[in-house]
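This briefing covers one protein chain, from single residues to the whole fold. Please look at the structure first, then read the points below.

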Amino acid sequence: MNPLKVVIAGGPGTGKTSIINHLKECGFLCYDEISREVTLQARKDGIEQLFLTESLLFSEKLLEGRTQQFLNAEKENENVVFLDRGLPDVIAYMDYVGDNYPKHFIRACENHQYDLIFVLAPWQEIFTSDSERYENFEQAIEIHHQLLKTYMRFDYQLIDVPFGTVETRADFVLDYLNLG
């Protein structure tokens, strides 16, 4: 069926997962962010913060997982699939920390193009840190700018989601897609 592949993007603590969870409650097919999964698995393996200690290995795992999500989304029997982050996020974070990465990271982004990217800006009022989110709000702002730069590098037109309740923000996305 080749459904629309729609990414909900943004820095840490911007409300992406809350919107994804709300869209799920509304009956839409959504793929969860996988970085928490990778982080928790690394902790089971004895590495407290894989991204901080082995950023390339962490990013390779994210790249693999997000590529698989993209390929799975293409096969879904739905009109639209929402994804909590996309492949360019991996490069944005690597660029943010200043690490090098192999060329296949770029090829993955070039070869797996999403249909729409909705971006959530940093929002101090809802930002919180937790055991998997090590960034503070100032770092979240820097990551946001890197995400914008990276998505634009791959020629995406970004759609800004306004601040508001989870429901209002999800409705904005759905209305944009004529699904509301």
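N178 sits in the segment after α8 (166-176); helices (H or I, at least four residues) and strands (E, at least two) are DSSP runs, numbered from the N terminus. The model is predicted: local features need pLDDT of at least 70, side-chain atom pairs count only at pLDDT 80 or more, and totals for chains, interfaces and linings use all residues. Residues are numbered from 1 along each chain as its sequence is written, and side-chain values use heavy atoms, with hydrogens and water left out.

**Positive phi**

- N178 has a phi near 55°, a positive value in a residue other than glycine.
- With a relative accessible area of 70%, N178 is exposed; the classes are buried (under 20% relative accessible area), exposed (over 50%) and partly exposed (in between), with a 1.4 Å probe and protein chains only.
- D155, a residue other than glycine, also has a positive phi, near 65°.
- The loop between α7 (137-153) and β5 (158-161) holds D155, and D155 is exposed at a relative accessible area of 66%.

- E33 belongs to the loop between β2 (29-31) and α2 (35-44), and its relative accessibility of 14% makes it buried.
- The side chains of E33 and R85 make a polar contact of 2.7 Å; such a contact is a pair of N or O atoms within 3.5 Å, where within protein one must be able to donate a hydrogen and the other to accept it, and residues adjacent in sequence count only if both atoms are side-chain atoms.
- A polar atom of the E33 side chain also lies 2.8 Å from the backbone nitrogen of S35.
- Apart from neighbours within four places in sequence, E33 is in contact (heavy atoms within 4.5 Å) with R66, D84 and R85.
- D89 is part of helix α5 (residues 87-97) and is buried, with a relative accessible area of 1%.
- R85 is again the partner in a side-chain polar contact with D89, at 2.7 Å.
- Not counting residues up to four places away in sequence, D89 touches R66, L147 and Y151.

**S18**

- Helix α1 (residues 16-25) contains S18, which counts as partly exposed at 37% relative accessibility.
- S18 and L56 are 38 residues apart along the chain, and their C-alpha atoms are separated by 28 Å.

**Whole chain**

- The protein chain has eight helices and five strands, in the sequence order β-α-β-α-α-α-β-α-α-β-α-β-α.
- The radius of gyration is 16 Å, which agrees with the value near 16 Å for a compact globule of 180 residues; it is taken over C-alpha atoms, and the globule rule is 2.2 Å times the number of residues to the power 0.38.
- The C-alpha trace spans about 45 × 35 × 30 Å along its principal axes.
- Of the 180 residues, 49% count as buried.
- Among contacts between residues at least 6 apart in sequence, 78% join residues at least 24 apart.
- The chain exposes about 8,900 Å², of which carbon and sulfur atoms supply 49%; the areas come from the Shrake-Rupley method with a 1.4 Å probe, and for residues only the protein chains shown count as cover.
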